Amino acid sequence: MIEGYHICCYDCVPCNEGEISNTSDAENCQMCFYTEWPNETRDKCLPKVVDFLSYETDVVVYVFLFFSVFSSIVIVIIIGIFIIFWNTPVVRANNHILSFVILISVKLSLLCIVLFIGKPMDTTCMLRHISFGIFFTVVLSSVLAKTIMVCIAFKATTPGNSWRKWIGVKLSNYLVVTLSSVQVLNGILWLTFSPPFQEIDMDSYPGKIIIQCNEGSKLAFYFMLGYMGFLAAVSLILAFMVRTLPDIYNEAKYITFSMLVFCSVWICAIPVYLSSKGKSLVSVEVFAILSSGDGIVLCMFLPKLWNIVTKPELKTRPSLQK
């Protein structure tokens with residue numbers, strides 16, 4: 001009742017959140033169906049907005065796809081130039097097999113962002129994190145193997161040094177396979193005991209149905225991220241320790257910068273990722289994948305590519321030794 005007015009004059013009590021009243025002088029409100037939400041006047045129920053990173057409604061999807069495809073084309077061009085100059089000292093000094101493994105793995109990790117776009121399903125939820133984790137682990141394992149080989153090469157410069165027996169392709173290949181197999185085993189156990197699945201969240205945001213991926217096993221998810229962080233940190237520390245070696249060993253400088261970019265991106269992205277939901281969460285993860293992958297390619301390979309293309313005198317062994 002309104003004080004000071006006629007008895008027939010009164011104010012209506014608004015319905016609670018999630019309820020409507022479409023009848024005059026009703027004493028009670030009606031609850032909307034769980035897939036619906038009231039309009040502004042709370043007299044009609046409307047379907048809730050379904051929220052996920054969509055091709056139809058989100059322009060940022062096409063920005064992500066453009067950078068993914070463009071980066072993949074750049075990687076193919078780098079691989080082609082390395083193949084053309086396969087036998088030159090510049091390419092051979094870079095451990096070209098490991099370089100190809102890094103480039104191909106980065107390309108696959110950039111292309112796997114298509115699993116993050118569109119309506120999440122059980123299949124895409126299971127594939128997105130595990131494929132991204134395995135591809136990036138191969139990249140980081142190869143980078144760490146490169147770093148260790150640089151350290152060993154410097155230790156083995158003196159004649160008769162015991163470190164000389166460790167120089168070779170076998171050690172680097174063994175390191176990559178061993179370090180990558182840990183993440184593969186984690187992925188197998190993850191899929192076996194508690195795989196990721198589609199999750200429908202109706203309570204976090206009023207008026208929205210958030211369709212997202214639940215990681216399933218939190219332990220496996222955090223192990224995946226932690227293991228990649230461990231490999232990147234070890235590579236960064238080792239490369240930073242030998243960054244002042246002579247120029248012939250300046251591979252360490254490129255590794256230092258690339259791992260610094262990788263660690264910086266994920267250190268900034270993980271807190272935002274953990275505090276986000278829906279399409280914001282997916283956008284942060286896709287951005288981190290693209291940024292860290294492109295950072296590795298730019299810092300590690302573009303300086304070498306520039307030397308190959310613009311300094312033809314470095315393609316011969318005598319000039320390189322000089």
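Visitor: How much space lies in the second largest pocket?
Guide: The structure is a predicted model. Rolling a probe the size of a water molecule over the atoms shows where empty space is left. For the second largest pocket, that space is about 370 Å³.

Visitor: Which residues lie nearest the centre of the second largest pocket?
Guide: The lining of this pocket consists of 16 residues. By class, they are 7 nonpolar, 5 polar and 4 charged. Those nearest the centre are Cys12, Val13, Cys15, Ser21 and Ala26.

Visitor: Is Ser71 buried or exposed?
Guide: Ser71 belongs to helix H1, residues 60–84. Its side chain reaches the backbone oxygen of Phe67 at 2.7 Å. The relative accessible area of Ser71 is 7%, and the cut-off for burial is under 20%. Ser71 is therefore buried.

Visitor: Which residues of H3 are buried?
Guide: H3 comprises the 16 residues 96–111 and reaches 22 Å from its first C-alpha to its last, close to the expected 22 Å. Burial requires a relative accessible area under 20%. The buried residues are His96, Leu98, Ser99, Phe100, Ile102, Leu103, Ser105, Val106, Ser109 and Leu110.

Key. Residues are numbered from 1 along each chain as its sequence is written. This is a predicted model: local features need pLDDT of at least 70, side-chain atom pairs count only at pLDDT 80 or more; totals for chains, interfaces and linings use all residues. Side-chain values use heavy atoms; hydrogens and water are left out. On a 1 Å grid over the protein atoms alone, a cavity is a set of points where a 1.4 Å probe fits but cannot get out, and a pocket is an open set with protein on both sides within 12 Å along at least five of seven lines; lining residues have an atom within 4 Å of a point. Grid points are joined across faces, edges and corners, and a volume is the space filled by probe spheres set on the points. Ala, Val, Leu, Ile, Met, Phe, Trp, Tyr, Cys and Pro count as nonpolar, Asp, Glu, Lys and Arg as charged, and the others, Gly among them, as polar. Helices (H or I, at least four residues) and strands (E, at least two) are DSSP runs, numbered from the N terminus. Buried means under 20% relative accessible area, exposed over 50%, partly exposed in between (1.4 Å probe, protein chains only). A polar contact is a pair of N or O atoms within 3.5 Å; within protein, one must be able to donate a hydrogen and the other to accept it, and residues adjacent in sequence count only if both atoms are side-chain atoms. The expected span of a helix is 1.5 Å times one less than its number of residues.
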